[in-house]
There are 2 protein chains.
Amino acid sequence: MDTAERTPADVPGPTTGAAAAAPTGGAARRPRARTRSGARTTASMADVARLAGVSAQTVSRVSNGYAGVNEQTRRQVLAAMKELGYRPNSAARALKRGEFRTIGVITFTLSTTGNVRTLEAIATSAAHEGYAVTLLPVAVPTQAEVRGAFSRLEELAVDAVIVIMEVHLLDAATIHLPPHVQVVVVDSDAGDHYTVVDTDQAGGTRAAVQHLLDLGHRTVWHLGGPEGSFAAQRRTDAWRAALVEAGRAAPPLIRGDWSAESGYRAGLELAAHDDCTAVFAANDQMALGLLRALHERGRRVPEDVSVIGFDDIPEASSFLPPLTTVHQDFAEVGRLCVRAVLRKMRQEGPERGTTLVPTRLVPRASTAPPRQA
Amino acid sequence: MDTAERTPADVPGPTTGAAAAAPTGGAARRPRARTRSGARTTASMADVARLAGVSAQTVSRVSNGYAGVNEQTRRQVLAAMKELGYRPNSAARALKRGEFRTIGVITFTLSTTGNVRTLEAIATSAAHEGYAVTLLPVAVPTQAEVRGAFSRLEELAVDAVIVIMEVHLLDAATIHLPPHVQVVVVDSDAGDHYTVVDTDQAGGTRAAVQHLLDLGHRTVWHLGGPEGSFAAQRRTDAWRAALVEAGRAAPPLIRGDWSAESGYRAGLELAAHDDCTAVFAANDQMALGLLRALHERGRRVPEDVSVIGFDDIPEASSFLPPLTTVHQDFAEVGRLCVRAVLRKMRQEGPERGTTLVPTRLVPRASTAPPRQA
DNA sequence: GCACGCGATGTTTACGCAAACATCAGCCAC
DNA sequence: GTGGCTGATGTTTGCGTAAACATCGCGTGC
């Protein structure tokens, strides 16, 4: 047989011609489409190996930074990689290694500051650990949609999942996660069943209420968040508890939906109550709307009414007046999420439990002692 | 028949399996105990095939919804899948198919409304097309960092990339993308070299300036964004051009950095100019700070000074006073990005060129005719 | 001087899936 | 009835990588 047929580039090894009874791959190992200069296909390890005159395994070793490769060989391989523009194929890697080095993040909306900031921190922390982050948006917060996201997720290339969402939407009975995909939840009180990382809603709320009481206000009104939200629920509960603890009567709860617009509507209502001298809004956006409503109704802040928010969005210091609020450390929440989920993957962490991130009261110009105090 | 469920919620079949004359796999197909950390492995196609009594290929056909599978066989396979909790392995799929069905999004920060809203829209559109979105945050906007993100990207499982960033950070010479990975850029004027989708910055700006001139203002001051930003640059250029077109003198440019705080500082400066009756802020956050500064200095809005913003963030309608601004359709931008990048992947779209998404002026209470007009 | 060990490298195999090809049973046309 | 066709299913193969195992050459201890 004309075993000649050697290409100019030439294959290094003699390639062991014989061995007729090749146990398995005996088939014609066709030399792949010529990857010469006008190459279209991406170079594979085999291509690099050929060019460098070594085996594919050695390329793999270099690629993964193994020790035990001769320095000169290593340099040759690196040169070959560079020449061919070699990049490891992540699909093959993932297949072989059984992991994707990717974390999925399921979130309902990116329109709230908290979710976005948390997501950003997660992405940053994950990148730091060599993980990528894949986003799984859920259009509407219904169980069906969430379930849909999870089932999409099941085909997705992720090793773990972080859910930024009220967990009551996760009907645990109907969601079955792929095996060894770990979950960490933000904004939830499901610490009994999941690993949860969250801002210390209660602590922050207590600080806010206490701040107002300390200023001399008889009681504190509350502009709460929407019903579905656990964060809202906890802030409301903590508000009530703090008042009870202090022996004060809790005024009726007023609800918004997190938006500034809803805060405005609530503010119009509150402005009608002459006895209202202090309001704790469950987030800064609602506080913004509240400020506008009070202004329109001629109630001065903080002289007539003190207002305090929650979140400390960057704009809060530019409100009229600058808003006293409770600062949330979203970056820390994100960091802890990633840490927790990676720990769980390595089976180092606990299966469940809640981690709370402390808050900090940021006093600005929207709170003051009541006039008659 | 004997579909009797043998193992309630157990590992796949007994498997141990006759060392039958397995034609191919010859080797003892060990029951695949723990792969990684002691976890059960997921069931593979082969496991399903065994349980259903068919070949792996048939499982594949069912899994991919091929026609040409007998209904009864199909049902059997589906039942087996369900019993084993089978999920296709996306790494293997990607390896075989040569695509990941994932789009990478590189962005510098998620702290600006525009980026976040665009990202959200991208994620939603992508999901709609069956694509996932992987986030690649870049910590600081330096070329080195961006290059780092791109080289991380090269190992990443993505088929295409959308860059939400000023493209001048992409030093084209040093970034070499993996072959076949298409790029679409947002917020850039690099339409000559890339496919660009962006808001019609110039159109929006012209509308804003014209609105103020139409109200009778002699000229319009401008609170611009930071130097590095193309969006800022274009708004500034368009502002100047619109004034020139109208035969008005352009006041000196004042610069902020997008933040409300910087708007406040600029506002203090502007308040000192008695002849300033109208300001166009390059975004709503800066307009917010501006409003506060003007208020503090006793300049009433809109009676003494008209203020107009850009973006139309949800809070803008709750500013004091509610802000007239230029609405950006981020959702559309995101949608077009995804469409463009998928088109390029399929080689249906053009290699380069810019697509502009129109804006809309939203008149509210922060603009009015000047007093003496 | 010879076996042994060790470092460097090569060879085989399997990961899970799906395209390409192979087989096989029925069924119709002539 | 026989050849050919069709639809359903099985078999082979290989994607690019990395673990496990195999080989090879050289220096060292005794």
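## A pair of facing residues in chain A

A:W221 stands opposite A:V279, a residue of strand 8 of chain A. This is a predicted model. Strand 6 of chain A covers residues 221–224. Strand 8 of chain A covers residues 278–281. These two strands pair in the parallel sense, over 3 bridges.

## A buried strand in chain B

Now turn to chain B. Strand 4 of chain B spans residues 182–186. Is this strand enclosed or open to the outside? Here 5 of the 5 residues are buried, so strand 4 of chain B is largely enclosed by the rest of the structure. Buried means under 20% relative accessible area.

The residues of strand 4 of chain B point two ways. B:Q182, B:V184 and B:V186 point one way. B:V183 and B:V185 point the other way. All of them are buried.

## Partners of strand 4 in chain B

Strand 3 of chain B (residues 160–164) runs parallel to strand 4 of chain B, and 5 bridges join them. In this pairing, B:V161 has B:V183 as its bridge partner.

Strand 5 of chain B (residues 195–199) also runs parallel to strand 4 of chain B, joined to it by 3 bridges. Here B:V185 has B:V196 of strand 5 as its bridge partner.

Technical notes: Residues are numbered from 1 along each chain as its sequence is written. Chains are lettered from A and ligands numbered from 1 in the order in which they are written. This is a predicted model: local features need pLDDT of at least 70, side-chain atom pairs count only at pLDDT 80 or more; totals for chains, interfaces and linings use all residues. Side-chain values use heavy atoms; hydrogens and water are left out. Two strands pair if DSSP finds at least two bridges between them. Helices (H or I, at least four residues) and strands (E, at least two) are DSSP runs, numbered from the N terminus. Buried means under 20% relative accessible area, exposed over 50%, partly exposed in between (1.4 Å probe, protein chains only).
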